[in-house]
Amino acid sequence: MIRGTSAEALLGEEANIMAKLYVLNGPAKGRIFTLREGSSFLGRSLDNDVVIEDKTVSRKHLRVAKRANTYFITDLKSRNGTFYKSDFLPPGQEIQVEEGSPIAVGITVIGIGEGSEEEMMPVPEIALLVDKAFGKTGSFEEKRVQASLKAVRFLNKLLDVLKENQAMEESLKKIIDHIFGFLKRIDRAAFVLVDPDDDQITGVISKLKKTKKREASSFCLDVVKQVIETKRPFAVSNVETEEEDGLVDTLRLLKIQSVMCVPLMRRSRVYGVVYVDSLNRPYGFRWDDLLLFADFSQRIALALENARYASELLAVADALVSESDGD
């Protein structure tokens with residue numbers, strides 16, 4: 001049996017050259033499995049090569065085949081199906097998959113090969129928030145299957161935007177449109193970008209839903225400042241049920257019903273935040289959405305980091321050209 005391990009424990013020369021399967025979301029989030037050359041089987045049963053302890057995953061759910069440097073998956077007539085690239089896989093039909101692209105098996109989201117590991121964002125405080133929320137309301141696994149598939153569709157749309165290699169401002173505008181399509185109850189969404197060296201705000205890309213209220217700003221500055229300073233997400237699903245403190249009092253004063261703000265962080269450097277809130281009604285997001293935003297915020301942080309490096313290299317190149325012309 002192939003056993004899951006943490007990224008830190010996955011050491012050794014053999015592990016480095018073997019293909020990996022990463023659990024990106026779901027009950028087993030953060031586990032990593034080593035795939036064998038040939039076929040590996042994924043499911044809930046202990047006789048699988050990759051064992052996923054998730055009630056929405058079938059006993060024998062998926063076959064993953066590696067041939068040369070190419071990966072193929074086959075749904076094994078699972079109960080809840082396998083979702084990839086905006087559609088369910090036909091049972092029994094082998095499909096080629098891209099490395100790093102999210103695949104939903106039940107409510108568990110996995111990735112295969114290169115590009116998957118960097119999408120795993122260890123944020124234990126978020127998991128505790130989600131566990132606490134579901135501990136109060138009860139976790140209905142079957143009902144969460146559709147929510148998970150919706151999340152995978154959303155992630156695929158984000159990947160498509162980032163693959164277009166447009167200017168970051170244009171990409172973030174498109175992503176905000178997708179956020180509004182994903183979170184129907186929100187009224188405002190924004191990317192607040194900062195300089196990772198001094199945390200000063202360098203830009204804001206935002207969108208407001210048409211409401212009866214006139215808003216001078218597209219985000220709560222106090223929430224954004226706290227998330228940047230602490231490097232931790234902040235979320236309130238219903239301000240009226242929260243205990244009183246300084247920030248919650250500010251939200252009530254601003255008539256913000258719910259808010260979620262997640263840092264865009266890469267290697268402990270904050271490049272900004274993604275912010276959403278609702279003004280007309282509470283519960284603008286589900287607690288699982290917080291995990292999803294933690295996942296995709298790291299993708300965007302990576303893109304922002306790359307864009308920053310590219311800009312710095314271009315500046316250096318321009319300086320060298322100027323010096324050459326001066327000679």
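1. A salt bridge here is a side-chain nitrogen of Lys or Arg within 4 Å of a carboxyl oxygen of Asp or Glu. Glutamate 305 and arginine 266 form one, with 3.4 Å between the closest N and O atoms. Glutamate 305 belongs to helix H7 (residues 287–326) and arginine 266 to strand S15 (residues 258–266), 39 residues apart. Both glutamate 305 and arginine 266 are buried, where buried means under 20% relative accessible area, exposed over 50%, and partly exposed in between (1.4 Å probe, protein chains only). Helices (H or I, at least four residues) and strands (E, at least two) are DSSP runs, numbered from the N terminus.

2. The model is predicted: local features need pLDDT of at least 70, and side-chain atom pairs count only at pLDDT 80 or more, while totals for chains, interfaces and linings use all residues. Residues are numbered from 1 along each chain as its sequence is written, and side-chain values use heavy atoms, with hydrogens and water left out.

3. The whole structure has 13 salt bridges. One of them joins lysine 163 to glutamate 98 at 3.1 Å, N to O. Lysine 163 is in helix H3 (residues 141–163), and glutamate 98 is in the loop between strand S9 (94–97) and strand S10 (103–105), 65 residues apart. Lysine 163 is partly exposed at 45% relative accessibility, as is glutamate 98 at 40%.

4. Arginine 269 and aspartate 197 meet in a salt bridge of 3.3 Å, N to O. The partners are 72 residues apart: arginine 269 in strand S16 (residues 269–278), aspartate 197 in the loop between strand S12 (188–194) and S13. Arginine 269 is partly exposed, with a relative accessible area of 29%, whereas aspartate 197 is exposed at 54%.

5. Which residues of helix H6 (residues 246–253) are buried? They are Leu247, Val248, Thr250 and Leu251. Seen down the axis of H6, these fall within an arc of 155 degrees, so they line one face of the helix; the arc is that of the directions from the helix axis to the C-beta atoms. The face turned away from the buried side carries exposed Gly246 and Leu253.

6. Ile201, Val204 and Leu221 make a nonpolar surface patch of about 220 Å². Patches are made of residues with over 30% relative accessible area and no salt bridge; like charges are joined within 9 Å, and nonpolar side chains (Val, Leu, Ile, Met, Phe, Trp, Tyr) within 5 Å. Accessible areas come from the Shrake-Rupley method with a 1.4 Å probe; for residues, only the protein chains shown count as cover. Valine 204 is in strand S13 and is partly exposed at 39% relative accessibility.
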